Amino acid sequence: MPGTSPATTDAATPRRVRVLFVGEAVTLAHVTRPLVLARALDPRTFEVSVAWDARYNALLGTLPPYREIDSIPSARFLASLAKGAPLYDVDTLLGYVTADLRLLDEVKPDVVVGDFRLSLSISARLAGVRYLTLTNAYWSPYARQRFPMPDLPIARRLGVTLAHPLFRVARPFAFALHTRPLNAVRRVHGLPSLGYDLRRVYTDADEVLYADVPELVPTFDLPATHHYLGPILWSPAVPRPTWWERVPEDRPIVYVTLGSSGRADLLSLVLRGLADLPVTVLAATAGRTSLADMPANAFAADFLPGEEAAARAKLVVCNGGSPTTQQALSAGVPVLGVASNMDQYLNMEAVRRAGAGELVRAGSVSSATIRQAASKLLASADAATAAKTLAGVFARRRPERTFASILRGTPFVPKGGVHSECLDGSAQEPLLQRLGRS
């Protein structure tokens with residue numbers, strides 16, 4: 001297996017486990033989650049390197065040993081999401097596999113950890129490298145999940161009421177269409193199809209790591225190779241804006257950010273909806289839009305320290321994606337999600353079921369909708385209580401420790417891509433023990 005030569009001349013000292021993190025930089029979250037885990041690993045035990053497209057690196061601070069690897073443009077990715085079209089074509093995934101294999105050959109990791117780098121389902125198996133994937137539990141095949149209708153063109157044309165029954169019928173076929181490019185590339189490389197359930201494509205790995213808690217997103221009959229880590233929190237490495245210490249504390253604070261994957265064009269509308277409320281607004285544009293007419297009750301910057309902003313707030317308004325909602329709930333703060341794509345809807349449905357937030361549809365949102373929903377949440381003792389309850393649940397999770405523990409027990413996979421379910425007990429020897437004898 002690549003990467004198993006000793007790192008020291010002392011045969012009694014096990015060499016460090018070489019761990020490569022690969023992020024698919026179509027959105028910021030798929031880079032920051034691996035980065036948080038990479039930084040948390042003990043350098044005495046683990047030799048860490050990271051690889052992703054450089055588009056977000058200015059926000060990330062000092063990186064572990066870094067290699068650049070291309071991802072498709074974020075605009076192309078988000079446009080496909082908005083249309084409900086497959087996110088990758090066959091040619092793109094073929095190129096990804098080639099780039100992955102080159103990277104794996106250079107780094108020679110013992111373990112590769114990917115975040116939405118779907119091509120690792122192929123390349124890691126071809127290279128004989130143990131593969132762990134980071135994802136959300138609402139994409140698990142073992143989640144009892146209803147799929148709400150996202151803001152697809154059919155919803156905008158027909159309205160949600162008329163379009164939803166059609167979506168329920170068409171959704172399994174649409175998911176099957178999304179699986180075809182990766183399955184086609186798997187066939188090229190002699191690997192079996194993953195079938196037509198998109199959730200299988202998103203979670204195909206030797207170990208699956210959920211950046212969630214079961215209390216919020218439950219699953220059933222979960223295999224031993226699937227693990228809940230808990231929320232993986234990150235804030236950008238940027239200084240506080242000059243106005244940070246001047247924010248008045250005499251009114252409730254609302255933190256607003258639509259992130260790297262929300263509808264940036266809606267930020268002004270959201271601020272207008274909050275303009276007449278007795279609140280102070282802290283807004284982050286993510287550098288994706290300019291605010292020409294700032295309401296008098298708002299402060300804005302391109303980027304804010306998100307965890308600190310959420311901790312100051314009584315309400316967080318975001319795109320409904322898991323990174324910002326988890327920042328809010330970790331601080332015990334309810335969430336208003338302005339959701340557009342399926343991932344955001346699935347996350348916000350879980351938050352809404354828990355009573356800790358509300359969802360508004362980005363495709364039909366108005367300033368009045370924002371004002372009404374925000375007022376309701378700001379006045380809701382039940383939402384505040386639910387958010388604080390989840391904060392307690394989150395606080396009991398230690399994703400970095402859980403992740404390191406999983407790595408220490410990672411079993412060996414022979415070259416050729418045998419899945420973890422197929423390994424017999426003799427193959428389940430912990431990786432650290434094997435490397436101690438190498």
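**Stop 1: salt bridges**

Select Arg44: arginine 44 is exposed, with a relative accessible area of 72% (buried means under 20%, exposed over 50%, partly exposed in between, with a 1.4 Å probe and protein chains only; the areas come from the Shrake-Rupley method). This is a predicted model, in which local features need pLDDT of at least 70, side-chain atom pairs count only at pLDDT 80 or more, and totals for chains, interfaces and linings use all residues. Residues are numbered from 1 along each chain as its sequence is written, and side-chain values use heavy atoms, with hydrogens and water left out.

Arginine 44 forms a salt bridge with aspartate 42, and their closest N and O atoms are 2.8 Å apart (a salt bridge is a side-chain nitrogen of Lys or Arg within 4 Å of a carboxyl oxygen of Asp or Glu). Aspartate 42 is partly exposed at 22% relative accessibility.

The whole structure has 23 salt bridges. Next, select Arg18 and Glu47, whose side chains meet in a salt bridge at 3.5 Å, N to O. Arginine 18 is in strand 1 (residues 17-23) and glutamate 47 in strand 2 (residues 46-52), so the pair ties together parts that are 29 residues apart in sequence. Helices (H or I, at least four residues) and strands (E, at least two) are DSSP runs, numbered from the N terminus. Arginine 18 counts as buried at 15% relative accessibility, while glutamate 47 is partly exposed at 27%.

Then select Arg125, Arg130, Arg186, Asp204, Asp206 and Glu207, which are linked in a network of salt bridges.

**Stop 2: two loops**

Select Lys108, in the loop between helix 3 (90-107) and strand 4 (111-115). Lysine 108 is not a glycine, yet has a positive phi of about 55°. Its side chain meets that of aspartate 105 in a salt bridge (3.8 Å, N to O), and lysine 108 is partly exposed at 35% relative accessibility.

Move to Asp221, in the loop between strand 6 (207-210) and strand 7 (226-228). Aspartate 221 also has a positive phi, near 50°, and is exposed, with a relative accessible area of 66%.

**Stop 3: the cavity**

Which residues line the largest cavity? Select Pro86, Leu87, Tyr88, Leu93, Phe116, Leu118, His178, Pro181, Leu182, Leu198, Val201 and Tyr202. Helix 6 and helix 7 (198-202) are the elements that give two or more residues to this lining. On a 1 Å grid over the protein atoms alone, a cavity is a set of points where a 1.4 Å probe fits but cannot get out, a pocket is an open set with protein on both sides within 12 Å along at least five of seven lines, and lining residues have an atom within 4 Å of a point. The volume of the largest cavity is about 90 Å³ (grid points are joined across faces, edges and corners, and a volume is the space filled by probe spheres set on the points).

**Stop 4: a pocket**

Select Arg146, Phe147, Pro148, Met149, His164, Phe167, Arg168, Arg171, Glu349, Arg352 and Arg353, which line the second largest pocket. Helix 6 (160-188) and helix 11 (342-353) each give two or more residues to the lining of this pocket. Helix 6 supplies the largest share, four residues. The second largest pocket has a volume of about 250 Å³.
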